[in-house]
Amino acid sequence: EKFDVRKLYASVYSACLAVQTPEQDAEATADTVTKHVEKWLEKKHEVTAHDIHINAAEYLINLNADAGYLYSKHREMHQ
């Protein structure tokens, strides 16, 4: 499926809120992660949803360790 930046933003934002990140900080973090992934995708010809998830999770962990952990584990629980 085609990459949907809104889905990525929403999932990162939700992970941040789930670990009690203030709403404004969650918005900023989701925006930062989505911009990072979009830039990373510019260099790629083909990627899987899993590749995008891993890249986003690794970046998010550096910004918000708790949200990053939750984000990375949430996908594992739903596979």
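Predicted model: local features only at pLDDT ≥ 70, side-chain atom pairs only at ≥ 80, totals over all residues.
1. Thr 48 is classed as partly exposed because its relative accessibility is 42%; the class lies between buried (under 20% relative accessible area) and exposed (over 50%), with a 1.4 Å probe and protein chains only. Between the C-alpha atoms of Thr 48 and Lys 73, which are 25 residues apart along the chain, the separation is 18 Å.

2. Residues are numbered from 1 along each chain as its sequence is written, and side-chain values use heavy atoms, with hydrogens and water left out. The mean pLDDT of the protein chain is 92, and 94% of the residues score at least 70; pLDDT is the predictor's confidence in each residue, from 0 to 100. Confidence is highest in helix 2, with a mean of 97, and lowest in helix 4, with a mean of 84. Helices are DSSP runs (H or I, at least four residues), numbered from the N terminus.

3. The largest nonpolar core has 16 residues, and the members that touch the most others are Val 12, Val 37, Leu 60 and Tyr 71. Two or more residues are given to this core by each of helix 1 (5-18), helix 2 (23-42), helix 3 (49-63) and helix 4 (65-77). Such a core is a set of buried Ala, Val, Leu, Ile, Met, Phe, Trp, Tyr and Cys residues joined through side-chain atoms within 4.5 Å. In soluble globular proteins, nonpolar side chains tend to be buried together.

4. Beyond its neighbours within four places in sequence, Tyr 71 is in contact (heavy atoms within 4.5 Å) with Leu 8, Ser 11, Val 12, Ala 15, His 53, Ala 56, Ala 57 and Leu 60. Helix 3 contains 15 residues and spans 21 Å from its first C-alpha to its last, close to the expected 21 Å; the expected span is 1.5 Å times one less than the number of residues.

5. The loop between helix 3 and helix 4 holds Asn 64. Asn 64 counts as buried because its relative accessible area is 15%. Its side chain reaches the backbone nitrogen of Ala 67 at 3.0 Å. Not counting residues up to four places away in sequence, Asn 64 touches Cys 16, Val 19 and Thr 21.

6. Ala 67 belongs to helix 4 and is buried, with a relative accessibility of 0%. Leaving out residues up to four places away in sequence, Ala 67 touches Ala 15, Cys 16, Val 19 and Leu 60. The C-alpha atoms of Ala 67 and Ala 57 are 8.8 Å apart, and the two residues are 10 apart in sequence.

7. How many salt bridges does a search of the whole structure find? There are 2, a salt bridge being a side-chain nitrogen of Lys or Arg within 4 Å of a carboxyl oxygen of Asp or Glu. One joins Arg 6 to Asp 4, with the closest N and O atoms 3.2 Å apart. Arg 6 is exposed at 64% relative accessibility, whereas Asp 4 is partly exposed at 23%. Another joins Lys 35 to Asp 31, with the closest N and O atoms 3.0 Å apart. Both Lys 35 and Asp 31 lie in helix 2, 4 residues apart, about one turn of the helix. Asp 31 is partly exposed, at 31% relative accessible area.

8. Gln 20 deserves a check of its backbone geometry. Although Gln 20 is not a glycine, its phi is positive, at about 65°. Gln 20 lies in the loop between helix 1 and helix 2 and counts as exposed because its relative accessibility is 67%.

How values were computed
Polar contact = N/O pair within 3.5 Å; in protein donor to acceptor, adjacent residues only side chain to side chain.
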